[in-house]
Each structure stands twice: as structure tokens, then as C-alpha cells.
Amino acid sequence: MVVLSVPAEVTVVLLDIEGTTTPIAFVKDILFPYIKENVKEYLQTHWEEEECQQDVSLLRKQAEEDAHLDGAVPIPEAPGSGVDDLQQTIQAVVDNVCWQMSLDRKTTALKQLQGHMWRAAFTAGRMKAEFFADVVPAVRKWREAGLKVYIYSSGSVEAQKLLFGHSTEGDILELVDGHFDTKIGHKVESESYRKIADSIGCSTNNILFLTDVTPEASAAEAADVHVAVVVRPGNAGLTDDEKTYYSLITSFGDLCLPRSA
Ligand SMILES: CSCCC(=O)C(=O)COP(=O)(O)O
Ligand SMILES: [Mg+2]
């Protein structure tokens, strides 16, 4: 087994979710299809609610920013009183969501709506989040050794809490010291990692970030964060250069803490 020593200055482990703690297949085959299959009915049922209107406003604002992109779907302003107008607007929101999802976009607007939609499925027990078998034992060990554990995912903080609160391992929310999403910045931007360190109250070099996505690893590293790239079944392949350059782990159990050495 390849063991990666965690530098002694590391006091915080920052975890990506999809492809790191959780199989990509769970996201692509369970979470995302749920949105595509239910978004129209969800909008029709919740349209009058404040939360739903805020989600639509954010999606409309994003659609305006995306207007220059190929295939972008605009969302017209709130309709008049006609039922047909309303159905047209809802259809535009559905088309916009499906277009964004076809590109696996990580916009805050899309992720916010998805989080709200998953809430019903998770809280009713219709969905349970999958975690790789090594995740929970390793996180418990890190915490026992005094490390803090934070999540940084493109999925909204609300969605993250749903996953950790309703997992196949039970409610494991207590294993997480805090959550970050794209409201702090995108994961491929170095500034996001500086802001996360500020928010936690540590230096960037006190953080070890685990992710499956090399542009995220590169952005974190440029901010002086320690990184390891997580190789899991179903993840995108890495180039030979990436395999040589990055520290790779295939399980959280590959990390060796100085305190436990
Ligand atoms: C709570 S995350 C649900 C999956 C998701 O929507 C997503 O975008 C995952 O992105 P990540 O940054 O965790 O790779
Ligand atoms: Mg990921």
C-alpha cells in the first residue's frame, strides 16, 4: 500500500465530495436523474413559495450572464396572470436547468435549486448518500488525532448537510466541523482557498485538500494549500504528467498522520 505522510503543519483536512468521499456514480446515476425527472413537478408545486421564487430569480440572473454561451436558455421575467404564461416560464426554467446539467455546470444558482429539491427525498428516507467505505473510519481517526475536517464542494452547503445527515453510514454530520460551497468562490480559483483558510482561522499551509479534480488541486496548491489527488473507481483518468506531479491516494487510509506515527 502507498502511504502518504501528512505534513506536521496540517491541522485541517478539507474534503471534496463527488469522486472523493462519494462515488461519482451516486451523483450521476441517483442525484442528478432525480432532478431531471422531478424539476417540472417541483416548480409547479412550489412556485408560489418564497424559497422557490428566490431560486428562480438566481437562475434567471445566471441565465442573463450565460446569454453569450452556445445553447444558453433564457428565463423570461415573471409572467402575467395567464396560466399559459406561467407554464411557459416554468418550462423555460426546466430547460435552463437541464441545459446547465447537460454541461455539469457548477453554478450557485443550479446547486441551490438542486439542494432544495433533494431535501424532500432525503428527509423522507427515499434517498441515502453513499460514501466510500474508508471515509468514515479515516475521518474518525483524524478527528481523534486532533485534526479538523471541513467540506468544500460545488454542491450547496444545504445539499452537503443532507448527504452527511442521511447516509448509508447513518447520520455522520457530527464528523464535519464546517462546510463551504461556491458562495465562497469556485473550486478552480486560488482565492477561494485563501478565503476558506481565513474563515477557519488558519493559514493555507495548515490545510490538506483532497480532491479528484486536478484543476481544483492546482488552484489550492497555488494558494499554498497541501493537496492530494484521490483516485477512485469511476473517476476521470489522470494524464501521466498528473500522475507524476501529484501525490495520489486511492483510499483515505493511505494518509499517515504524524501524530499517529
Ligand atoms: C452535495 S454535493 C452533490 C453533488 C454535486 O452537486 C456536485 O456538484 C459535487 O461537486 P464536488 O465539488 O463535490 O465534486
Ligand atoms: Mg469532486
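Select the helices α1 (24-46), α4 (108-123), α6 (157-165) and α8 (214-222): each of them supplies at least two residues of the lining of the largest pocket. Helices here are DSSP runs of H or I with at least four residues, strands are runs of E with at least two, and both are numbered from the N terminus. The model is predicted, and local features need pLDDT of at least 70, side-chain atom pairs count only at pLDDT 80 or more, while totals for chains, interfaces and linings use all residues. Residues are numbered from 1 along each chain as its sequence is written, and side-chain values use heavy atoms, with hydrogens and water left out.

**The largest pocket**

Rolling a probe the size of a water molecule over the atoms shows where empty space is left. On a 1 Å grid over the protein atoms alone, a pocket is an open set of points where a 1.4 Å probe fits, with protein on both sides within 12 Å along at least five of seven lines; lining residues have an atom within 4 Å of a point. The largest pocket holds about 510 Å³ of space. Next, select Asp16, Glu18, Lys106, Ser154 and Glu216, which are the closest to its centre of the 31 lining residues. Helix α1 gives the most to this lining, with 5 residues. By kind, the lining divides into 13 nonpolar, 8 polar and 10 charged residues; Asp, Glu, Lys and Arg count as charged.

Now centre the view on Asp16, in the loop between β2 (12-15) and α1. Is Asp16 buried or exposed? Asp16 is buried because its relative accessible area is 3%, and buried means under 20% (1.4 Å probe, protein chains only). Contact means heavy atoms within 4.5 Å. Leaving aside neighbours within four places in sequence, the contacts of Asp16 include Lys187, Asp212 and Glu216. A polar contact is a pair of N or O atoms within 3.5 Å; within protein, one must be able to donate a hydrogen and the other to accept it. One of 2.6 Å joins the side chains of Asp16 and Thr20.

Move to Glu18, also placed in the loop between β2 and α1. Glu18 is buried, with a relative accessible area of 15%. Its side chain makes a polar contact of 3.0 Å with the side chain of Lys28.

Select Ser153, in the loop between β3 (148-152) and α6. Ser153 is buried, at 8% relative accessible area, and a polar atom of its side chain lies 2.9 Å from the backbone nitrogen of Gly155. Finish at Ser154, in the loop between β3 and α6. Ser154 counts as buried at 9% relative accessibility. Not counting residues up to four places away in sequence, Ser154 touches Lys106, Lys111, Thr182 and Lys187.

Note on methods. Chains lettered and ligands numbered in written order. Points joined across faces, edges and corners; volume = space filled by probe spheres on them. Buried < 20%, exposed > 50% of the residue type's maximum accessible area, 1.4 Å probe, protein only.
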